[in-house]
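Let's take a walk through this structure together, looking at its charged contacts and its packing. Have the sequence and the 3D view ready as you read.

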Amino acid sequence: MQHREQPTGQRITHWVVGVSLAALALSACAGTPEETAPHAESVKIESMEGSELAQLTLTDQAAERLDIQTAPVDEAMVAATATGEGALVQRRVVPYAAVLYDRAGDTWAYTNPRPLVFIRQAITVDYIDGHQAVLSAGPDIGTQVVIVGATELFGAEVGVDH
């Protein structure tokens, strides 16, 4: 059987989908049916007027179960280019863990504007520098972005079932 090299975006997409499906499968297997049957919806998904995106609101229990963690969009002194050439410049950065790739290879991050509320926002990654993504477009400095649990939020938003 021949293997062909996939573009990086496809490999990452397959990895993200695989991780999401594995997490959903594991959560579906945990405990007895009585323990896992929700008494109320774990996530409320609301359309956002004028957008194809949605606002997700989790219950306290769902956020705890997913271990949702956030970090702020920050500024850092980084190389002016991905090749490391030029002087250091101040740029907007997010932890690389906040970056999600969709099936088309587009990049996103989930923002957390209010407690338990999450909104996917398009970001443009200029380059990756260690554990941080250097952005040329994205959320404002100080905006909280999800660094743990984002793939599960994405699965809930786009309709990945278990």
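## Charged pairs

A salt bridge here is a side-chain nitrogen of Lys or Arg within 4 Å of a carboxyl oxygen of Asp or Glu. Please keep in mind that this is a predicted model. Searching the whole structure by that rule turns up 3 salt bridges.

One of them joins R91 to D126, with the closest N and O atoms 3.0 Å apart. R91 belongs to strand β5 (residues 88-95) and D126 to strand β9 (residues 124-129), so this pair ties together parts that are 35 residues apart in sequence. How exposed are the two partners? R91 is buried, with a relative accessible area of 16%, while D126 is partly exposed at 39% relative accessibility.

Another salt bridge brings together the side chains of E46 and K44, at 3.8 Å from N to O. E46 counts as partly exposed, with 29% relative accessibility.

## R120 and its two partners

Which residue forms a salt bridge with R120? The partner is E157, and the closest N and O atoms are 3.0 Å apart. E157 lies in helix α4 and R120 in strand β8 (residues 117-122), so the contact ties together parts that are 37 residues apart in sequence. Both ends are out of the way of solvent by the accessibility cut-off, since buried means under 20% relative accessible area: E157 has 14% and R120 has 9%.

R120 also lies over the face of W108, 4.2 Å from the ring centre.

## Helix α4

Helix α4 (residues 150-158) has 7 of its 9 residues buried, so the rest of the structure largely encloses it. The buried residues are A150, T151, E152, L153, F154, G155 and E157. Just after α4 comes G159, which takes a positive phi of about 90°.

## Nonpolar cores

In soluble globular proteins, nonpolar side chains tend to be buried together. In this model, the largest nonpolar core has 15 residues. Those with the most contacts inside this core are L58, I68, L100, Y110, F118, V146 and L153. Two or more core residues come from each of β2 (54-58), α3 (60-66), β7 (107-114) and α4.

A second, separate core has 10 residues, including V94, V99, A109 and L135.

Methods: Residues are numbered from 1 along each chain as its sequence is written. This is a predicted model: local features need pLDDT of at least 70, side-chain atom pairs count only at pLDDT 80 or more; totals for chains, interfaces and linings use all residues. Side-chain values use heavy atoms; hydrogens and water are left out. Buried means under 20% relative accessible area, exposed over 50%, partly exposed in between (1.4 Å probe, protein chains only). Helices (H or I, at least four residues) and strands (E, at least two) are DSSP runs, numbered from the N terminus. A charge sits over a ring if NZ of Lys or CZ of Arg is within 6 Å of the ring centre and within 35 degrees of the ring normal. A nonpolar core is a set of buried Ala, Val, Leu, Ile, Met, Phe, Trp, Tyr and Cys residues joined through side-chain atoms within 4.5 Å.
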